[in-house]
Amino acid sequence: MAAFSSFPRDVLIIGSGVGGLSTAIILAKLGFDVTVLEKNSQPGGLMRSYTRDGIECAVGVHYLGSLDQGQILRKFFDYLGVTASIPVSRMGHDGIIDRYLFDISSGNHPATFDLPEGLDEFEEALKQTFPKEQEIIVKIVDPIRKAAEQLHGLDLLYAEQNDFSLLDQSQPLGEILDDLGCSPGLRSILAIPSCWIGVPLQDCPAYYHNMALASYVSSSYRLQGSGSDMADALAGRLQELGGKIVTGAEISKILVSSRVVTGLQLKSGESLQASTVIGAVHPKVVLQMLPQGAVKPSYRQRISGLQDTHGIFSVHARVDGNNHPEIPYNIFKVDTDSDGNVPDLRYYQIRKSEKEGVNLLSILSSGKDELWAPWTNTKSGRRGHDYSEAKEKHARQLIGEAEGLFGSFKGLKMLDAYTPLTMRDWVNSPGGSAYGVLRSSSQMLATAMLNRTSVKGLHLAGQSVMAPGIIGTILGSFSTVKSILGADEFREVIRL
Ligand SMILES: Cc1cc2nc3c(=O)[nH]c(=O)nc-3n(C[C@H](O)[C@H](O)[C@H](O)COP(=O)(O)OP(=O)(O)OC[C@H]3O[C@@H](n4cnc5c(N)ncnc54)[C@H](O)[C@@H]3O)c2cc1C
């Protein structure tokens with residue numbers, strides 16, 4: 001590995017989501033000459049919110065975990081230099097981060113389970129809810145404690161041993177719970193974090209579930225501003241460090257000569273030269289941009305055969321703020337089967353909007369691809385009246401279901417709804433997948449070291465390379481920089 005000071009300095013990054021921007025900031029801090037190219041008119045990707053009726057509607061940032069001192073996201077934000085420009089409010093003051101609501105007709109569940117802040121509190125809440133399963137609960141929570149230590153200790157970036165030797169819990173959590181003889185009620189509570197990251201419990205590697213849960217239970221926050229404010233804070237920080245962001249710049253080709261990257265070609269036909277290119281977009285999107293013969297057929301097969309996470313359908317509506325005050329925690333309505341698996345859930349958030357006396361109700365649910373199949377070959381904004389009607393009908397059903405929980409909404413006005421097709425077209429996510437590549441136990445080998453490619457100078461970043469979510473994606477950015485610099489150089493120059 002060449003010394004860091006002799007590395008070529010010019011870097012082009014495809015995509016300005018949190019993956020592209022955070023990778024760019026890390027490299028700009030190290031003195032690289034970085035340009036981020038974004039197809040949309042504004043930077044931020046899924047992080048960016050959009051405005052309806054003067055109200056900011058969130059897409060990919062509803063809450064953030066681990067921003068307390070010494071915790072992983074706080075370390076990342078401090079290093080990136082954005083902690084002060086992304087103001088947040090801590091959740092869980094009243095003892096609740098998430099409230100899970102269950103259908104009690106199966107007899108398996110309590111009607112509600114409140115997820116508290118803190119792993120000791122979580123263990124205690126489980127023991128109180130399932131007093132006959134105390135021993136099982138200890139066996140379940142111990143590895144989550146270990147995962148929290150590894151997460152906040154940044155072991156995945158700094159541990160001496162290979163990253164993957166840390167991941168000693170690759171067995172699906174579902175199987176572990178079967179072996180422990182866990183009840184369906186307890187199982188369904190533990191299934192929810194794996195749903196957040198789009199992986200069913202039966203195929204979710206235990207470490208992956210444990211890290212996701214640990215990242216939120218350690219501490220959780222809401223943005224005081226909007227997702228767009230967060231995107232602008234990261235974009236502004238990059239520009240302050242001398243990095244460039246070019247919007248309206250859709251990349252169509254990655255230029256490669258004799259398996260060495262040489263630059264990028266834009267849809268407009270313009271070419272840009274660089275000795276390092278980072279695709280901070282879905283790996284399948286990068287693959288489509290590569291010329292035939294640039295990578296081995298086995299790599300092409302591996303990436304094109306990857307299974308992705310499902311899409312999401314979301315509704316935003318304004319409601320009267322006096323009748324429906326802000327709820328300082330998230331609410332999940334959880335569907336369970338008789339074994340305690342969770343085939344589906346709905347997420348609800350009611351929070352203050354930019355308008356006095358008006359609150360915003362946001363609902364997220366699974367994408368239901370079959371509903372949008374007739375419009376698969378259409379583009380955003382050109383799908384016609386039938387699509388708008390189908391979307392509105394589905395959104396009204398979800399709002400009706402929410403009224404069953406919250407009571408009839410006063411001052412309700414639907415602001416917007418989006419489908420997996422919207423997301424597919426907006427951020428170029430294959431099939432409208434919400435969280436990128438499915439990081440399941442079955443795909444363990446195929447998803448290993450996704451940030452490396454066999455083209456010299458070409459690297460990947462973004463939510464698919466390590467894990468989704470703001471934490472997982474930024475972790476992936478650091479890991480990509482580590483693979484560019486080499487582990488020793490990384491340890492030497494990046495102190496988190
Ligand atoms: C509905 C939803 C809710 C979520 N809620 C949360 C949450 O509450 N908390 C949390 O931590 N995480 C949440 N997440 C996950 C989190 O938002 C994502 O993991 C993260 O934002 C992904 O960032 P990224 O940079 O990998 O991808 P993206 O944000 O998709 O960025 C990719 C960028 O590349 C651009 N691009 C694509 N193709 C090209 C091209 N050819 N040329 C140029 N540019 C291109 C796209 O336009 C886009 O801007 C949520 C995700 C979804 C979908």
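Modeller: A residue is called buried when its relative accessible area is under 20%, exposed when that area is over 50%, and partly exposed in between, with a 1.4 Å probe and protein chains only. What we are discussing is a predicted model, in which local features need pLDDT of at least 70 and side-chain atom pairs count only at pLDDT 80 or more, whereas totals for chains, interfaces and linings use all residues. Residues are numbered from 1 along each chain as its sequence is written, and side-chain values use heavy atoms, with hydrogens and water left out.

Colleague: How do you know how many disulfides the structure holds?

Modeller: A disulfide needs a pair of cysteine sulfur atoms within 2.5 Å. For the sulfur of C195, the closest cysteine sulfur is that of C204, at 9.0 Å, which is too far for a bond. Seen from C204, the closest cysteine sulfur is in C195, again at 9.0 Å and too far. The count for the structure is zero.

Colleague: What makes W196 and F332 an aromatic pair, and which kind of pair is it?

Modeller: Rings of Phe, Tyr and Trp (its six-membered ring) pair if their centres lie within 6.5 Å, and the pair is stacked if the planes are under 30 degrees apart, edge-to-face if over 60, and tilted otherwise. By this rule the model has 17 aromatic pairs. For W196 and F332 the centres are 6.4 Å apart and the planes make 40°, so the rings pass the distance limit and the pair is called tilted. Because W196 belongs to helix α8 (residues 184-196) and F332 to strand β16 (residues 330-335), the pair ties together parts that are 136 residues apart in sequence. Both W196 and F332 are buried.

Colleague: Why is the pair of W372 and Y387 called edge-to-face?

Modeller: The planes of W372 and Y387 stand at 75°, with 6.1 Å centre to centre; the angle is over 60 degrees and the distance is within 6.5 Å, so the term applies. With W372 in helix α13 and Y387 in helix α14, this pair ties together parts 15 residues apart in sequence. W372 and Y387 are each buried.

Colleague: Which residues do ring pairs link into a cluster?

Modeller: The cluster consists of Y63, Y100, F113, F122, W196, Y216, F332 and Y347. F122 is also among the buried residues of helix α3 (residues 119-129), and the buried residues of α3 pack against β8 (112-115), α4 (134-152), α8 and α9 (206-217).

Colleague: How do you know that the charged end of K29 sits over the ring of Y79?

Modeller: The rule asks for NZ of Lys or CZ of Arg within 6 Å of the ring centre and within 35 degrees of the ring normal. The charged end of K29 is 3.8 Å from the centre of the Y79 ring, and R9 lies over the face of F32 at 4.4 Å from the ring centre.

Colleague: What makes R383 a buried residue, and what does its side chain reach?

Modeller: R383, in the loop between α13 (369-372) and α14 (385-406), counts as buried because its relative accessibility is 7%. Its side chain reaches the backbone oxygen of T378 at 2.8 Å, inside the 3.5 Å limit for a polar contact between N or O atoms, where within protein one must be able to donate a hydrogen and the other to accept it. Contact in general means heavy atoms within 4.5 Å, and beyond its neighbours within four places in sequence R383 is in contact with W375, T378, L421, T422, R424 and D425.

Colleague: Where does L421 lie, and why is L421 called buried?

Modeller: L421 is part of helix α15 (residues 420-427), and because its relative accessibility is 8%, L421 counts as buried. Leaving aside neighbours within four places in sequence, its contacts are W372, W375, T376, R383 and Y387.

Colleague: What makes strand β1 largely enclosed by the rest of the structure?

Modeller: Four of the five residues of β1 (residues 10-14) are buried, so the strand is described in that way. Five bridges join β1 to strand β2 (residues 33-37), and the two run parallel; DSSP must find at least two bridges for strands to pair, so β1 and β2 qualify.
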